[in-house]
Amino acid sequence: MGFVISLDQTTPADASRVGGKAYNCALLKQRGFPVPEGAAVVAEGMGSAAALADLDTWLSKLPPDVLLAIRSSAADEDSAGHSFAGIHESGLNVPRHRVPEAVRACWSSVQSARALAYRRAVGVSTEGVRAGVLVQVMVQPVVAGVAFTVDPVTGACEELVISASWGLGEALVSGLVEPDEFHVRKSDGAVVRQHIGGKRYCVLAEQGVSRLVETREDEQAKPSLSDEQVRELAGLLVRLEQHFGAPQDIEWAHDGRQFWILQSRPVTTALPRPAPEIEWTRANVREVLPDLPSPQTLVFCINLLNNAFERFYGRLLAPESELGPVARVFFGRVYFNLTRLLSIGARVNTPPAVLLRAMGHPERIRLEDEVVTPASPAQRLRVLPDALRLLWWQLALPWLFRRELAYLRRMAAELEHTIPSAVHLSEAGVWSLVARWQAGSDRTLQFVLAMGGVALYEMIMQSICRRVGFAYERLGPPLLAAGEKSVSAQQAFDLLALARSARSEARAREFFLRVPASFEGWREQLRGTAFLERFDDYLGKYGHRGKSESDWALPR
């Protein structure tokens with residue numbers, strides 16, 4: 001029987017040959033855990049008639065009417081990073097004469113398109129895939145299910161979770177029945193909480209074979225496991241976890257006399273850890289995107305914001321692994337991660353109130369927001385290079401802005417030249433143009449962020465005003481009004497000038513008094529007017545302005 005090794009005779013040297021599932025079962029069986037009798041067809045026997053002959057020799061030692069479970073067992077099948085549960089073919093309640101057919105089906109499924117796609121998705125090799133096959137005597141369960149030795153939702157290590165249903169566990173994992181669920185404290189086996197799965201259960205078929213025949217209403221809907229059975233199973237599960245030294249995902253069954261362990265593998269999902277309280281805000285972004293934007297615009301904005309903030313602030317931002325991204329979408333709208341943005345102030349000894357005012361925070365600023373949360377010396381040292389870089393940005397802003405404006409004018413001219421003929425571009429050509437524009441937008445947004453640095457000057461001025469007893473409100477607005485012109489304000493003034501132009505010109509005035517809602521044919525009707533000339537100058541200077549101007553999916 002060179003191609004078949006019984007579970008009782010499997011050694012550590014056979015681990016790669018029999019595969020992870022069979023080797024785990026062999027280890028447990030040899031250490032006294034209740035594992036059904038079985039054997040493994042080794043991986044090098046895959047597709048071999050000789051392997052089936054060796055298996056037939058092993059089967060001849062079992063009762064002729066025995067029913068068997070046939071499952072794949074590859075060396076890389078189950079690990080802490082992935083699980084092939086449901087990917088490969090399995091056979092349950094297989095009579096002896098149909099074992100070769102079931103084994104061949106198992107072999108074929110290992111190289112199926114579905115299995116290979118999953119391997120590629122989880123980064124497991126698809127070259128020369130071979131697998132062993134685990135053949136075990138079939139347990140005829142009254143109750144069966146799965147269990148986790150940690151809570152897979154909360155990550156609580158002091159509890160284990162048992163899911164159970166009447167009959168075969170296959171009905172449970174296939175979603176055909178709603179299971180009973182027991183949360184059990186490991187220390188004493190006490191049920192912390194439980195949920196009894198409605199009124200559906202599997203009916204046992206005749207002749208001792210358990211399968212899903214039908215579901216029916218049960219007035220009592222009694223638990224599938226008694227309190228005593230829950231404690232017994234919990235004790236067995238805790239022993240299993242201690243044996244492997246890591247959280248386990250376990251398949252089990254009870255045949256009316258005892259519990260059986262059918263499989264034990266590492267928990268494959270990353271255990272959650274308590275998430276920090278994160279505050280999200282629509283401040284500032286609600287003016288830019290007041291309505292629900294198109295999906296493409298959402299994707300662009302989220303990528304733009306996250307890339308620009310990460311590049312501009314660097315280590316001044318708390319790590320994304322701790323607090324999440326700078327921007328996210330909730331219910332179709334963009335939100336800023338206020339908690340992470342406030343981490344910038346903590347690293348440069350700036351009170352949260354400075355950033356909150358700069359963002360236009362809509363809620364009341366509390367007294368505690370005016371207090372600096374000092375950073376540790378180690379944090380200050382770590383962020384020093386980024387702090388010096390941003391200081392250089394502030395000193396070089398006039399020169400940097402002139403250079404960026406020149407770039408933007410070149411980009412605008414290129415787009416103005418290209419877009420009318422874009423209908424003739426290939427998809428790759430269009431996307432190349434968009435990609436260049438996105439990259440430029442990423443860079444340009446950093447200049448917008450640099451303007452946020454003026455909040456530091458404001459903070460210094462406020463501090464000076466407090467020291468000399470002068471109200472900052474009397475000083476700040478006049479200084480701002482006397483400084484550089486605000487584009488946002490100037491475009492409003494120019495819009496008022498356009499309105500005056502329209503009133504003073506008869507054709508333009510008549511058009512706006514009787515214009516239809518659609519503005520259809522407006523350019524033809526206003527052709528030759530002084531207003532149209534001034535309006536084109538306005539568009540050339542400011543571009544399209546409107547309530548949802550940042551969403552390019554909306555018609556202009």
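A polar contact is a pair of N or O atoms within 3.5 Å; within protein, one must be able to donate a hydrogen and the other to accept it, and residues adjacent in sequence count only if both atoms are side-chain atoms. I worked on a predicted model, in which local features need pLDDT of at least 70, side-chain atom pairs count only at pLDDT 80 or more, and totals for chains, interfaces and linings use all residues. Residues are numbered from 1 along each chain as its sequence is written, and side-chain values use heavy atoms, with hydrogens and water left out.

**Entry 1: Glu505**

I looked up the contact of Glu505 and found that its side chain reaches the backbone nitrogen of Ala530 at 2.9 Å. I located Glu505 in the loop between α18 (487-504) and α19 (506-514). Helices (H or I, at least four residues) and strands (E, at least two) are DSSP runs, numbered from the N terminus. For burial I used relative accessible area: buried is under 20%, exposed over 50%, and partly exposed in between (1.4 Å probe, protein chains only).

**Entry 2: the six-stranded sheet**

I traced an open sheet of six strands in the order β9-β8-β7-β6-β10-β11, with antiparallel pairing. The edges are β9 (191-195) and β11 (259-266), each with a single partner strand, so one side of each is left without a neighbour in the sheet. From one strand to the next, the twist averages 15 degrees. Axes are lines fitted to C-alpha atoms, for helices over the stretch in contact, and angles run from 0 to 180 degrees between N-to-C directions. Two strands pair if DSSP finds at least two bridges between them.

I then turned to β7 (residues 159-166). Seven of its eight residues are buried, so the strand is largely enclosed by the rest of the structure. Six bridges join β7 to the antiparallel strand β6 (residues 143-148), and here I found Ser165 of β7 opposite Ala144. With β8 (residues 180-185), β7 pairs in the antiparallel sense over six bridges. I recorded Glu181 of β8 as the bridge partner of Ser163, and Asp180 of β8 as that of Ala164.

**Entry 3: the three-stranded sheet**

I found an open sheet of three strands, ordered β12-β14-β13 with antiparallel pairing. Its edges are β12 and β13 (327-330), each with a single partner strand, so one side of each lacks a neighbour in the sheet. Two bridges link β12 to β14 (residues 333-337) in the antiparallel sense, and Trp280 has Asn337 of β14 as its bridge partner.

**Entry 4: positive phi**

I checked two asparagines. Phi of Asn93 is near 55 degrees, a positive value in a residue other than glycine. Asn93 lies in strand β4 (residues 91-95) and is buried, at 16% relative accessible area. Phi of Asn284 is positive too, near 75 degrees. I placed Asn284 in the loop between β12 (280-281) and α8 (285-288); at 39% relative accessibility, Asn284 counts as partly exposed.

**Entry 5: cysteines**

How many disulfides are there? Taking a disulfide as a pair of cysteine sulfur atoms within 2.5 Å, I counted zero. I also noted that Cys25 counts as buried at 2% relative accessibility, and Cys465 counts as buried at 4%.
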